[in-house]
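Please take a moment with the sequence and the structure shown here before reading on.

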Amino acid sequence: MCDGCGQAASTEHISRRLQRLEWTTRYRPVHINTLVLGAFSPRDEKDFLYAPGGEFRGEAALLLDALGISAAGKTAEAVHAEFQRAGFFLTHVLECPLDGDLQQGTETTALLMKRLQPVATRIRRSLKPKRVMAITEELTPVVEDILALDLGCPVVLDHGKPFLLEIGAGENGAIRLREALAISTGS
């Protein structure tokens with residue numbers, strides 16, 4: 001079993017996890033102002049914020065846009081450095097993508113629940129952010145459990161739910177995320 005996600009782990013799975021961990025660690029701020037917490041790592045490397053390719057698609061593009069960080073005309077290194085200087089750090093409850101045969105639903109919720117306590121310990125003892133902002137709809141079933149954890153800092157939500165970065169059905173969680181950041185930083 002993988003200690004980063006609780007799923008059955010092949011050699012390839014562990015190798016990909018260690019690669020993502022290496023990329024992520026490189027851009028961890030010394031002092032984390034805002035820990036952005038997602039449910040699970042994206043499957044495609046292009047969607048993973050810290051991947052060195054700098055394509056910034058999917059989750060990475062949505063998050064950068066929500067935080068007002070433009071990747072246009074910048075190297076991946078420059079975008080990562082800007083994200084880091086702003087005191088942002090992205091992590092996921094499940095540090096690995098969901099296995100292909102695992103369907104989102106009760107199995108995913110059970111995996112998330114199982115990882116909450118180790119993630120809380122990591123946030124409290126190692127990361128020590130000033131605040132945690134939950135993103136991704138997949139955290140919705142466990143949001144009350146996240147709030148009940150001792151993280152050592154406040155958890156910022158969008159009206160009691162994780163911020164949804166996708167624009168749809170008249171909703172714009174990205175704007176509300178920026179507003180919540182401005183309020184919580186006092187700007």
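## Helix H3 and its surroundings

After helix H3 comes Gly87, a residue whose phi is positive, near 85°. The model is a predicted one, and the description below should be read with that in mind. Within H3 the buried residues are Ala76, Val79, His80, Ala81 and Phe83, and these buried residues pack against H2 and against strand E2, which spans 88-94. In general, residues three or four places apart in an α-helix point the same way, because such a helix has 3.6 residues a turn.

One member of this buried set deserves a separate look. His80 lies in H3, the helix made of residues 76-85, and its relative accessible area is 3%, so it counts as buried. When neighbours within four places in sequence are left aside, the residues in contact with His80 are Tyr27, Leu49, Tyr50, Ala51, Pro52 and Phe56.

Tyr50 is in the loop between E1 and H2, while Phe83 is in helix H3, so their pair ties together parts that are 33 residues apart in sequence. Tyr50 and Phe83 are likewise buried. One aromatic cluster is formed by Trp23, Phe48, Tyr50, Phe83, Phe88 and Phe89, and Tyr50, a member of that cluster, is also among the contacts of His80.

## Lys46 in the loop

Lys46 is placed in the loop between strand E1 (34-40) and helix H2 (58-66). Is Lys46 buried or partly exposed? Its relative accessibility is 32%, and Lys46 therefore counts as partly exposed. Not counting residues up to four places away in sequence, Lys46 touches Glu55, Phe56, Arg57 and Ala60; Phe56 is also in contact with His80. Lys46 and Asp145 are 99 residues apart along the chain, and their C-alpha atoms are separated by 30 Å.

Notes. Residues are numbered from 1 along each chain as its sequence is written. This is a predicted model: local features need pLDDT of at least 70, side-chain atom pairs count only at pLDDT 80 or more; totals for chains, interfaces and linings use all residues. Side-chain values use heavy atoms; hydrogens and water are left out. Helices (H or I, at least four residues) and strands (E, at least two) are DSSP runs, numbered from the N terminus. Buried means under 20% relative accessible area, exposed over 50%, partly exposed in between (1.4 Å probe, protein chains only). Contact means heavy atoms within 4.5 Å. Rings of Phe, Tyr and Trp (its six-membered ring) pair if their centres lie within 6.5 Å; planes under 30 degrees apart count as stacked, over 60 as edge-to-face and the rest as tilted.
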